Amino acid sequence: MSTSVPISNEKPVAAVNTDDPVGRHPLVLGGLGFKSITDRVAGISLGKTPKTWPFALALAVSLLMVLGGSLGWLVSQGVGVWGMNSTIGWAWDITGFVFWIGIGHAGTLISAILYLFRQKWRTSINRAAEAMTIFAVLAALIYPAFHVGRVWFAYWMLPIPNQMGMWPQMKSPLLWDVFAVSTYATVSALFWFVGLVPDFATLRDRADTKTKQIVYGILSLGWRGSHRAWLHYERAYQIFAGLSTPLVLSVHTIVSFDFAVSILPGWHTTIFPPYFVAGAIFSGFAMVVTLMVVARTALGLKHLITMRHLENMNKIILATGTMVGYAYGIEFFMAWYSGNPYESFALMNRVFGPYAWAYWTMVSCNVLFPQLFWFKKIRTSIPAMFAISIVVNVGMWFERFVIIVTSLHRDYIPSSWSYYRPSLVDMSTFVGTFGLFLTLFLLFCRFVPVIAIGEVKGVLPAADPHNPHDAHDAHGEKAGVEHHG
Amino acid sequence: MKRVPLPLAPEDPNAKRWWRSLGEHAGSPEFKESLPAEFPPGAALPPEGEGRRQFLTVMGASAAIATLAGCRRPEEHIMPYTRRPEEVVEGNPLYFATTFPFQGTAYGLLVESHEGRPTKVEGNPQHPESLGTTTLWSQAFILDLYDPDRTNSPRNKGQTKTWAEASDFLRAEGERLKAQQGKGLVVLTESHRSPSLAAQLRALREALPQAKVVRYEPFSSDNAHEGERLAFGRPLSMSLDLAKAKTIVTLDADVLSSDGSTVRQARGFVAGRDVDKGVEPNRLYVIESHLSTTGGSADHRLRIQSRQVPAFAFALAAELGKLGVDLGAGVAAAAEPKGQGLSEKAKRFVVAIAKELAGNRGRGVVVAGRKQPAEVHAVAHLINQALDAIGEGKPVRFHAAFDEDRDGPTVLTDLAASIGKNEVETLLILGGNPVFNAPADARFAEAIGKVRTSIHLSTVIDETSEKTTWHLNRTHLLEAWGDARSVDGTQSIVQPLIAPLFDGKSELEVLEMLLGGNRSGYDMVRATALGKAADAEKGWRKALHDGVWAGSASPVEAVTPAPDAVVKALGAFKGVSMDGLEVTFRPDDHAYDGRFANNAWLQELPDPSVKQTWGNAAGLSFSTANKLGVKDGDVITVSGAGGSITIPVAIMPGQADDSISLTFGQGRRAALRVAHKVGVDTGPIRQSAGFDVASGFSAQRTGGFVQAARTQEHFSMEGRPVAREGSYEEFKKDPTFAKKEAPRPELFNLWTSPVVDQGHAWGMAIDLNACLGCSACVTACQAENNTPVVGPDGVTRSREMHWLRIDRYYDGSPDEPETISQPMLCQHCESAPCEQVCPVAATTHSPEGLNDMAYNRCIGTRYCANNCPFKVRRFNYFHYNKDHDEFRKLQFNPEVTVRSRGVMEKCTFCVQRINRAKIEAKRDGKTRVEDGKIATACQAACPTQAITFGDLNDPKSAVSERAASARGYKLLEDINVKPRITYLARIRNRNPELEGA
């Protein structure tokens, strides 16, 4: 018996507990009820370690060690172990940063914006997506911290009072980044944790070892599942959703300022903020699809993460992919319309210059392949969506690479034009960030409820007091009710 | 610097024994073992070579030298600063005049010395060959002083010897040779113009009458002297005053960079085209095979194989004859048949040039290059004579030759032959590196092994020292006394700046030992010099102070042409055959003849044409490369002249077809840490016949590929108005044409601009019409600002650190492009994009308009470099300054931070010089720094004074005047960065008759 689901016979405040029943697939399949959901989800955290998990973790940790080794080498030798040069000061580093920050977008979007829009289908994916967000932001932070020449002074970017009387330079977009990303990371982490409290309490109550009881006990912050607690919880959750919503837009807007505020042709573009946000949502959802397709099989959550969830996400990928494609087109229009020769050169150089291969990789991955999602057959095919989601992430990595490197490598004065080739350490660092991300994600899957137990129960038909199928018994209990504010 | 404990006095067994610990008191073995742990291995020993104490000795000795303007104190004394030597103020550099003999002349220098360490070279304004500026070689040679590969003792068959032993040996050898009248002794020197060395060699000839004294230089001026002998009956020294010429024709002569007195010639050339002063610009025609610095500055350039240049010269003579210019009886007629086989384009050049020369008598000059045979020189002299261009106040002046010794390749083939005949018992080689740079057919490396006693005086163990029985460690030029006469005979003293760091001896001192004397170098130089002055001591002091003996220039010699000899020579002239591919040899752009191969600054200094560093390549024209089926970087085998080399190809813009341009001086085999295996040794195909220009070569692709380390990869301006130029016609029509090449929209600032109309406003003007692209400024900047060297790998990754670079652009076809050079450095934008993006405010604007870098604050985000539209910011990707030995550190300018890893750096407008001038102005009670008190390092070095720096707020300053030039323009005004550097557009003075040629 779960303590996390309040049981009430009162009429719910808002009675819109279920998705519109007409013509839509239910969000929870397989006849799962309150108890079986709890069993299923808590079982992952409390049950036996799945056989494949240690292997997966070993792989992820080895990649993490690659990251450690690469960064260790970087710090001991200098940034020169990467492939940048005097002309191209940023390459894989900031590409990786923007890539991961972009991926970190979907989680908060799902948990905050979709929450505010009452998108019920978010409930079974929001936990994992938020976790993904936080881990992606952590992976992203590796880059700004380590790409600087003197890592040991990277903290000078923070506004810490010091004996030098020096304050960071507020005109610099990099500084805005520091604030935007740190705020985003903090709020996302808190939002995630707040959502986790009731579920940690469930785990605490079901834990069979002392250690687990203590750890989950501490994490659940003394949650008792009282009405009052639920009320506060819902309120807090909503406030966080409200706070996070502008952050979803602001963080990538400000990341795009790194480029848009500069004077470099190809960077200096006013369309960047919306373009970056759309791209971030695009890549974030693609990453969620990639992970969920694997996780729902591996963790046996097919009934909770259903085809309908996946299809919805694919639709968002289709929509944002189209927006991104539109932005690519607008860049050409502006280059032509502005009459700026440097701008039009930068664009033509992207398309036909030495990095044309990267540009066309980007266009095909980001614009062409997602269009296949117009077809329901493809949209609902697991192998197809898995492949396309990966293609989209490859494409989005290339988008950042194209923006950063092709703009830098040929700017105003032709004598300094150059070409960038990544070094082995560039590659190992990037692969290593996947190690960090996957390690954290695997640990999350094993020890943290991957699905918001409390929330997902709220979308069960049984949770709806008006449900005509109320007779459909949820394990002999009355329907639980969510208290939406 | 590593700290060396003071050596302890020998222990007195009877003395009281103080102990520092119980362990020591007990004298336990554990304690003794623990000692090295506290004082790490080696700490108790002086470091290898020279340590701090030696350095202090040296410093003290140099401090003694510091007082030289007054008197010279014995070098042995250490001057404790408790009693400060006169003139020395710690932290204030002192400057001493000295001389750098090079390329057949001598450049007067002022060397900056910080507490006894020579750090930087400037030109001596009083010296006629320097005119206050330097060549890139004079700038860079100071680094060789601190070359860690220098040997610190003589060696005999690989065994280290002391100088006492070496001296005993030399004296004994001298005695032995005296007994046989010097029979079997050959003394081989480098080309020199040193009166003291000449005197010493004269003494040697007297004492050892049967000894032979020979001279060898891998790039000799024999052809020129033979030409003078042919035309005027005797060898002479030619000095050019190009300012007096309105038409300059160079026949394979790089007069602006490597042929003759380059500074003086370049200065004259530029003075003759200063259109802002209302000068009607001169016109430079360059006839050459390889695009030289001179070719890059040409108004019209004809690319023609070097072996065809004689035909061009003779055709020009014949054409002049037709126009009524009297070259002397029969010369034009004799030249005509030899001037055949030219292309249509070349013929057009001949006609146009001849017409212009004939119409500008007394104002035209034809200069033949070192590579060209004596006949070409002779004809050029006759043309100049006929055009009334020779004599006092004319473009060409002749002075008495220093001596009549030859120093070309036959010297070594003859020497090797006489070694083969067992005529040489003792070979004394004073400097040079003949085993490396002798002609291939001399087989000098084999020959030298047959000599019983061979002695080589050299700073490092080079290829020659590896083969000789004795290696004597030589002083660097800045460590020894000497003297030199420049081309016009001006005598100057080579004054040491520092006591020998590695305990070397100079060639004067070695000869003195051989002759059994005991005079020091100082005594000898003084003795030579004092012969000439009436008030000896006073004159000596003044010469030391000024760097030149005033009025020591030789008078201009009157010359009488000998056309008969020329006619005869022309009749017999054969020239180089036209078979196969032509190969030309020129001194390497980095290593010269190999002597600078171990100089990292020069190795990393990009060559002017394709910006290659760290190595050499076979220059091929675009068409020839296509014909051979090779691309840039492909490795080819060049075979001919009984040998072959494999060398990567560089496609050289403007290279003549079927002509391979090679440099000699790279590919050193000796174990030198910088030079080893850099580039390719072209020596194996350099024979004494065809030493400069050779024929009958073939080239095949090997299939290999070498990525050249180049600092510039893109040579087209892409139609952007970067380095602007116009024809003289355009200039006359609208002098402000350059300003109109880019839009100048009205733009607004996001934030208030700093107030710039008070105090100083530092700015710069760079005249592209004066810039030759010689790169002396780049080396000067590197020396002044402690700019690190990144090595070939770093350059390949485009991470070179030069704060100032010379951009080279080509326009037109790859075979026949027009060329322009543009110095590019931090523009100190008033609205600097770099400043606004730095998150930690490490780069900020000074109230005087400098874009400052606070290295200590920089965390290295590189955002500033990304946002710099000029891409002049340089990032320390690694700790480039980590592995310097103690000697290398001595060169560093103490006024400039040696940057660590992970920080950004860039041109500071030599802020250390600005601040010194400001301090001095303040000390003198002035409110402003007077104009001309500050010269940035690049400005001071520039032979043509293309760079002007100063206060833009002072309307009378030189920089304000230059910046106000009608030709002035600023880069990227349309993005509102407001650079503080004004470029002055280049003017090409085209000959309308060569339109379309």
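Two residues are taken to be in contact if their C-beta atoms, placed from the backbone, lie within 7 Å. The structure is a predicted model, in which local features need pLDDT of at least 70 and side-chain atom pairs count only at pLDDT 80 or more, while totals for chains, interfaces and linings use all residues. Residues are numbered from 1 along each chain as its sequence is written, with chains lettered from A and ligands numbered from 1 in the order in which they are written.

**View 1. The contact between chain A and chain B.** On this interface, 36 residues of chain A are in contact with 43 residues of chain B. Helix 5 (residues 173–206) of chain A gives the most to the side of chain A that touches chain B, namely three residues; helices (H or I, at least four residues) and strands (E, at least two) are DSSP runs, numbered from the N terminus. The chain A side divides into 19 nonpolar, 14 polar and three charged residues, where Ala, Val, Leu, Ile, Met, Phe, Trp, Tyr, Cys and Pro count as nonpolar, Asp, Glu, Lys and Arg as charged, and the others, Gly among them, as polar.

**View 2. Helix 5 of chain B and its surroundings.** Helix 5 (residues 163–179) of chain B has 17 residues and reaches 24 Å from its first C-alpha to its last, close to the 24 Å expected at 1.5 Å a residue, the expected span being 1.5 Å times one less than the number of residues. Its buried residues (20 or more other C-beta atoms within 10 Å of their own, C-beta atoms being placed from the backbone) are A166(B), F169(B), L170(B), G174(B) and L177(B). Seen down the axis of helix 5 of chain B, these buried residues fall within an arc of 135°, so they line one face of the helix; the arc is that of the directions from the helix axis to the C-beta atoms. The face turned away from the buried side carries the exposed residues (12 or fewer such atoms) A164(B), A172(B), E175(B) and A179(B). The cover over the buried residues includes strand 6 (185–190), strand 14 (426–430), strand 16 (470–473) and helix 18 (507–514) of chain B.

**View 3. Domain 3 and domain 4 of chain B.** The centres of these two domains of chain B, taken over C-alpha atoms, are separated by 32 Å, with domain bounds coming from an automatic or database domain assignment. Their contact takes 15 residues from domain 3 of chain B and 16 residues from domain 4 of chain B. On the domain 3 side, helix 22 (600–603) and helix 23 (622–628) of chain B each supply at least two residues.
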